[in-house]
Amino acid sequence: MASVEFKNIVKRFKENTVLNGVNVDIKDKEFLVIVGPSGCGKSTLLRMLAGLETVTDGDILIDGERVNEYHPSKRNIAMVFQDYALYPHMTVAENMSFSLKLKKTPQEDIDARVKEAAATLQITQYLARKPQALSGGQRQRVAIGRAIVRKPKVFLFDEPLSNLDAKLREEMRVEIAKLHQRLNATILYVTHDQVEAMTLADRIVVMYNGKVQQEGTPMEVYSKPANLFVAGFIGSPTMNFLRGKAAVKGGKTEFISNDIKITLPPSLLDPKTVKDGQEIVVGVRPDDISVDVPAKEGLTEVLEGKLDVSELLGHRENLYIYIGETRVLANTDAVGRTPGDKVKVRFNYANMHVFDKATEKRISR
Amino acid sequence: MELLKSLYEVGWFLLLIVAGVGVLEGYFYTHFRFYDRKWFFPVLLSVVPLLFWGIFGNMLGGHTFALWLYFLLAEGLIAAFFRYIVKGQHTVPYMLIAPAFVGLALLLVYPFVFEFYLSFHDLKLTTIMAWKETGQIPFVWFKQYVNVFTTSPLNDVSIWMLLWRTFLWTFTNVFFHVLGGFALALLLNNNIKGKGIYRTLLVIPWAMPQVVAVLAMRGEFHAENGFVNILLNRLVEWWPALANIGIGPVQWLSNYPLTTCTIINVWLGIPFMMVVILGGLQSISKSYYDAADIDGATYFQKLRYITLPLVKPVAMPAITLGTIWTFNNINVIYLVTGQAGGTEKADILVSAMYKAAFTYNRYSYSAAFAIVIFILLFSISVFYLHGLDAAKED
Amino acid sequence: MIDNKKTSAMSPEELSEKYEKTKESLDQLRGMLMPFLKAQYEKNRKSLERREKIKIFLIHLVIIICCFICIYPLLRIFSISLRPGDKLFSTDLSLIPDGATFSAYVSLLKNTNFLRWLWNSLVITIATSFIGVSLASTAAYAFSRFRFPGKKIGMIILLSSQMIPAGMLILPLFLMIMKMNLMNSYLGMIIAYSVSSLPFSIWILKGYYDTIPRSLEEAALVDGTSAVGAFWRIILPLSTPALSIAFLFNFTTAWNEYLVARVVLFSSQQYTWTLGLFELQGQYLTQWGMFAAGSMLVTIPVLIVFLYSSKWLISGLTLGSVKG
């Protein structure tokens, strides 16, 4: 097992700069997930580690050793591709033993390793089949098995679950988490699905537009997003953003927009960090909106809203509420409200965030 | 014994090819490996040609010096290319395409350039023996090109007549090819049983070896024994009144050779168009027609507004290819009218060129002729493609 | 009656009463008309069906006529090949002539070099096809997977080589082969044929390679092959359909070729079957029977092979054009 370092990585395709000075560290035995929307450069970063893309500038180090020039097979990595990339003309067993055969490993070793990996992933009964005869989930396991067999220093996963349906995705997520525990391996996992990131990662790196937006544990990234992008990207359903101005008058800070006026207490926002008239964005997660509850410590003033659409989710419901012209999404216990109802809305201070509109950075505590 | 001998010959040739490819790859590989050494250029330009001359020197008769010069030139270009333009990268793709492109260079580019060279000299029956011995032929500047436009390649046909005929031939053929192919494709695209069998049968003119098909069809137009005339005879026997309007057996090959060739070529060419257009038709989703039905379109309206536009992208490449092939179609004309004693009334540009070279042995003249045809075809294609692109932008 | 008032002037109760009454009378009307409506509907449906049937019948008819036109020459050759010697020039149109005999076939096989011609063609064609496909497979791979200087030019050269008039290159090739003293030989023919189908083969193979996902080669790279190793071990085995198509195309082009053979080969022993058959059908003395027999013997296998692989061929031809 090994550590990985990306130092000041720059990647250019012709005139297009895809990555501009990216620094990421992966500690030994860590499960690092790089998450971000399509086109943010995460797959490119992964492929550069694999050796499938050249590095325009910067260094990639595995265990302290610079590997920029090494052939993919000499880097001691294994990769699980998004479309599995199983050789169609070989059986599952042959697929899994291909790399070992190329290294001229003795046949008994190959057989032993293949059997072990197959048992771990419960695909022993498919060993003689060809990939076309397997379902998506089974093919996914074979792809993982192919990687395990090689006993590499680093595992690379390139959006492995995006081709599976929702239910299968859930199952495979659990499998991959268990795999990490069992193998105790260093894993670099790339995805655009933030649920996968939150559930699987030891640490998350959020990327956007070729730059690292924030890195930290899932909890850190969720509860203390560094900027607007991370706040809006992580967490489902998406955070509500309210745009308006800060009003600082005599020691009291308020958020004022056309429809909403709420106090921002010092415990949330240090008054010294905000100027009167500054354009700010307040972020509230749907679970942190209270509907039709009496005033309480830790809640904002009441806001009058009108229910537009409600989605029943079981014992919770999604409420799309219009406060004036501003629409917010609240997620509360299901009570059975009807569209058109007038509702009283309060936000929880506990998980509220304030961002500066210009820099998009978080300025609350 | 004969069999073994020919197998041996061919096996040896294949071995030669494999060895040749290996040498070629190694050669290119050294270019990549050593392109940045100081000694690269000097060594290359002196050693390799000497080697080349030494090995191949005796095989090529009087031409060796010229060939050595060509090789030097080519090698210089390649070495410069590797050193300054490619800078030692892209090893793999170059080595992959090397054998194919060297083959093409030798057997496509070189002949083309050679034709060009020939067209400025005077190679014909009287000078060819001298050339074989010494490699020299008289140099005549543009005389051959002037000849192309002023004298005729054959006995009684001018180049303008040939040009006109070629256009007429191409246009008529392609017109009927597309019309017939489209009609048949439309018919086949319905919900009928036996589509597979019909398609198989209709494709036979294309599947048959062209030589057999053309010679057989030619036989059918024979004045006495050919099917067409026999039928016409019987028709007139059965209904004598027809003779008065002038329907009767015809001397196809003597009097109407171009028509005959056209009929034969149309018969040959329709299946190809049909297959391509049918493929295009089948890819049009039924929902378009359903929507049109709801809107109340007639059959012809559907044809015009849905079928035609959607088939066009599939059909256009085929039609383009077909036009070029028809323009250049020597086979049919030559096989039908070409042998000694045949008529020249059906010749088009390319067949006249072939005859000039191989029946009349006017090699240089034929070369100039070929270049002219090529320039003509090339410019037409360029115009056509430009027009196509311009139309696409709308 | 309520109906005399304008609806706008009625009260709600009066309106609903009017509504009920109107509904009743409409129902009655419908009940009376129903049988007539049903009969009309049936009549329309039947005539539609009949029109459909006539349309289908006509379609079948036209297609069958066209099929007939397509096959007839072939059938005629067949019947000519069966004609007894004295009736060779008859104007008889029947399919199986009187006194049908295989004597033409026998005569062909015994008195001419037909078998030798077939052998010549076979040797030359197979050698040419192998060379053509191997050269094309590597070149097409380079065009499909790599970006390199000169790629565009290469593609343009390949495309425009289709435009060269067929006869244009025969002359220089002829002169080259003559100078190398390879006239009338297998080697000469193979050299002449080997690159004639190259551009088309490259085009087809490139189209096919483009459909193979690159992740397969990347997986192979990660597993430990070199770039060429990935091509050899992974891509080639997967491209057998396209390789077969290319081989078939090379084969049929070389097999049916006439003009180049005419120029390079000049002794009857060395002829390919196209030359041989042509020799049998001279302008004045046509040995119709043997010519027809020879034609049949060559055409039948070609047709069988073609029709057997036709589905492949068609899809292979459209592969390139749909993707490209």
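How many bridges pair strand β15 (residues 289-291) of chain A with strand β19 (residues 342-347) of chain A? Three bridges join them, and the sense is antiparallel. The model is predicted.

## Strand β19 of chain A

## The five-stranded sheet of chain A

Chain A has an open sheet of five strands. The order is β13-β12-β11-β14-β20, and the pairing is antiparallel. At the edges stand β13 (261-263) and β20 (353-356) of chain A. Each of these edge strands pairs on one side only. Neighbouring strands are turned against each other by 35 degrees on average, direction ignored.

Within chain A, strand β11 (residues 240-249) and strand β12 (residues 252-256) pair in the antiparallel sense. Five bridges link β11 and β12 of chain A.

## The six-stranded sheet of chain A

Another open sheet of chain A has six strands, in the order β6-β7-β8-β3-β9-β10. Its pairing is mixed. The edge strands are β6 and β10 (211-216) of chain A. Each has a single partner strand, so one side of each is left without a neighbour in the sheet. From one strand to the next, the twist averages 20 degrees.

Inside chain A, strand β3 (residues 31-35) and strand β9 (residues 203-208) run parallel. Four bridges join β3 and β9 of chain A. Val33(A) is opposite Ile204(A) in β9(A).

## Which chains touch

Two pairs of chains are in contact, and chains B and C share the most contacts. Chain A and chain B do not touch. The nearest C-alpha atoms of chains A and B are 13 Å apart.

Chain A does meet chain C, with 17 residues from chain A and 13 residues from chain C. On the side of chain A that touches chain C, β6 (77-80) and α2 (92-102) of chain A are the elements that give two or more residues. That side of chain A divides into 12 nonpolar, three polar and two charged residues.

## The contact of chains B and C

Chain B brings 77 residues to its contact with chain C, and chain C brings 71 residues. Helix α4 (residues 91-119) of chain B gives the most to the side of chain B that touches chain C, with 16 residues. By class, this side of chain B has 57 nonpolar, 16 polar and four charged residues.

## Chain B: cover and confidence

Helix α10 (residues 210-220) of chain B is mostly covered. Of its 11 residues, 10 are buried. Among them are Val211(B), Leu215(B), Met217(B), Arg218(B) and Glu220(B).

The mean pLDDT of chain B is 78. Of the residues of chain B, 85% reach 70 or more. Confidence in chain B is highest in helix α7 (residues 159-188) of chain B, at a mean of 89. The lowest value falls in helix α12 (residues 241-245) of chain B, at a mean of 68.

## Domains of chain C

Chain C is divided into domain 1 (4-70) and domain 2 (109-321). The centres of domain 1 and domain 2 of chain C, taken over C-alpha atoms, are separated by 62 Å.

Terms used
Residues are numbered from 1 along each chain as its sequence is written. Chains are lettered from A and ligands numbered from 1 in the order in which they are written. This is a predicted model: local features need pLDDT of at least 70, side-chain atom pairs count only at pLDDT 80 or more; totals for chains, interfaces and linings use all residues. Two residues are in contact if their C-beta atoms, placed from the backbone, lie within 7 Å. Ala, Val, Leu, Ile, Met, Phe, Trp, Tyr, Cys and Pro count as nonpolar, Asp, Glu, Lys and Arg as charged, and the others, Gly among them, as polar. A residue is buried if 20 or more other C-beta atoms lie within 10 Å of its own, exposed if 12 or fewer, and partly exposed in between; C-beta atoms are placed from the backbone. Two strands pair if DSSP finds at least two bridges between them. Axes are lines fitted to C-alpha atoms, for helices over the stretch in contact, and angles run from 0 to 180 degrees between N-to-C directions. Domain bounds come from an automatic or database domain assignment. pLDDT is the predictor's confidence in each residue, from 0 to 100.
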